[in-house]
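Here is a friendly tour of charged and aromatic side-chain contacts. Have a look at the model first, and then read on.

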Amino acid sequence: MKLLSAFGKPRKKISSNRRSLLVATFEGFPAVIIFQLLGGPFLTGYLLYLGATSTEIGFVLAITTVVNVIQIVMAVMMQKFRNRKLILLIFASSHRLLWTSVGLIPFIFPKDLWVIMYMVLYTAAHLGNAAGGVVWTSLISDAVPGPVRGRYFGVRNTILGGVSSLALFVGGQILDRYPGGQGFAYLFMICGVCVVLNILAFTLYPNPPFEPSTATNPVGMIGKPLKDRTFLNAIMFLAVFLFVQGITVPLFSYVMLKLMQINYETVSLITVVHTLVMMASYYVWGNLNTRYSAQTLLLWSLPIIALACLLWGAIAFIPAIVVLYVVHIVLGVGLGGFNQMVFTFTIGDTPKSERPMYIATYSAITGFAAFLGPIFGGKVYALISDSPMWIQIYGVSTLVGAVLLVLGLLVGRLVLGKQIRSGA
């Protein structure tokens, strides 16, 4: 009878907040599979398959950051077109569709246009992603209550990190078993299915009311974060840090695949370990955020990223594969903290009504710096192509790590050492 009565009880209705959290989490499943199979080492590998040079690879890696300038335009547009769910659906869907369409390049265009067409489609796709990104950040910051925001994103990123790791492992196995065009064709087929699922998931997102800016015109909106000197100083510092980091970190896969001639399976396993560590660190950083401010934790993450670059120098004394695993473990911890705390800092420590423009300003300034980094890095690797291999493999990364350490330990403490603001 107890069993029957238990079945007879009506299910407790899920609250709107909890439903929003579940939708945002499950929407991330197909999204991270797309990002992992089309990005990271597979992006570098596909570009090498298309015939790209180190300079061209650096340019492509930089595109995702410079397009963030469009977020300023989107922040202004949101004041008039306030249906954030519809805007997100349009721009995020265009990103998924256009990026996956690069898999058709070898079947449609002559070989001498392969790399150029990749750049065109990739740029168009990430313009959509940048436009949708500021909308998503604004929407999700309203959907997730401030008191649980740090912990929730720690848990969400941990779960999605597990999915990312599985995608990386499967992708590496596919490319090792089916080298060349056939392997990449299978990856794009998987991504095609995930695109459909991801678009369907966007339709389930919440659409909370939008709180408009207190400024009466676009110039006033743009001026709000620019007049916030402490915030602007922090962003300018982070832009410099990201520029220096971008010289080498995005090109780690290029060094492993092209210069060190490491196979896809090994590179994907290294990246899986990196992602797993980042996944675990998201949870830890999220819990730490309940005790320390995002600004403080952001400062802690900088020397860890610097250490990951410095550790490349250990290849001179220790077997390279061992060093690469250690490098990516440390990098996973550092980037896990940086990515999560920058996100929490920009959405949690900024005025709610001005949040879209604060997010857009951060993305535009740091995006431009991060755009220049990989381009400069690609040029550096092209210029030193005749230098001794140790300089190409670990010399550049070690030097960059030393510069990042100075920035993180000394300059960072001057800029981020004082509390900029509090509140959510």
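## Ground rules

Helices (H or I, at least four residues) and strands (E, at least two) are DSSP runs, numbered from the N terminus. The model is a predicted one, where local features need pLDDT of at least 70, side-chain atom pairs count only at pLDDT 80 or more, and totals for chains, interfaces and linings use all residues. Residues are numbered from 1 along each chain as its sequence is written, and side-chain values use heavy atoms, with hydrogens and water left out.

## A buried charge network

How many salt bridges does the structure hold? There are two, where a salt bridge means a side-chain nitrogen of Lys or Arg within 4 Å of a carboxyl oxygen of Asp or Glu. One of them joins the side chains of Glu27 and Arg96, at 3.9 Å from N to O. Glu27 belongs to helix 2 (residues 16-38) and Arg96 to helix 6 (residues 84-100), so this contact ties together parts that are 69 residues apart in sequence.

Glu27 also meets the side chain of Arg156 in a salt bridge, at 3.8 Å from N to O. Since Arg156 lies in helix 9 (residues 149-177) and Glu27 in helix 2, the pair ties together parts 129 residues apart in sequence.

## Aromatic pairs

Searching the whole structure turns up 20 aromatic pairs. Rings of Phe, Tyr and Trp (its six-membered ring) pair if their centres lie within 6.5 Å; planes under 30 degrees apart count as stacked, over 60 as edge-to-face and the rest as tilted. Phe26 and Phe29 make a tilted pair, with 5.5 Å centre to centre and 40 degrees between the planes. These two sit three residues apart in helix 2, a separation of about one helical turn. Phe26 is exposed at 52% relative accessibility, while Phe29 is partly exposed at 28%.

Tyr49 and Phe184 have ring centres 5.7 Å apart and planes at 35 degrees, so this pair is tilted. It links distant parts of the chain, with Tyr49 in helix 3 (residues 40-50) and Phe184 in helix 10 (residues 181-202), 135 residues apart. Tyr49 is partly exposed at 32%, whereas Phe184 is buried at 5%. Both belong to a cluster linked by ring pairs, whose members include Phe35, Trp99, Tyr118 and Phe188.

Notes: Buried means under 20% relative accessible area, exposed over 50%, partly exposed in between (1.4 Å probe, protein chains only).
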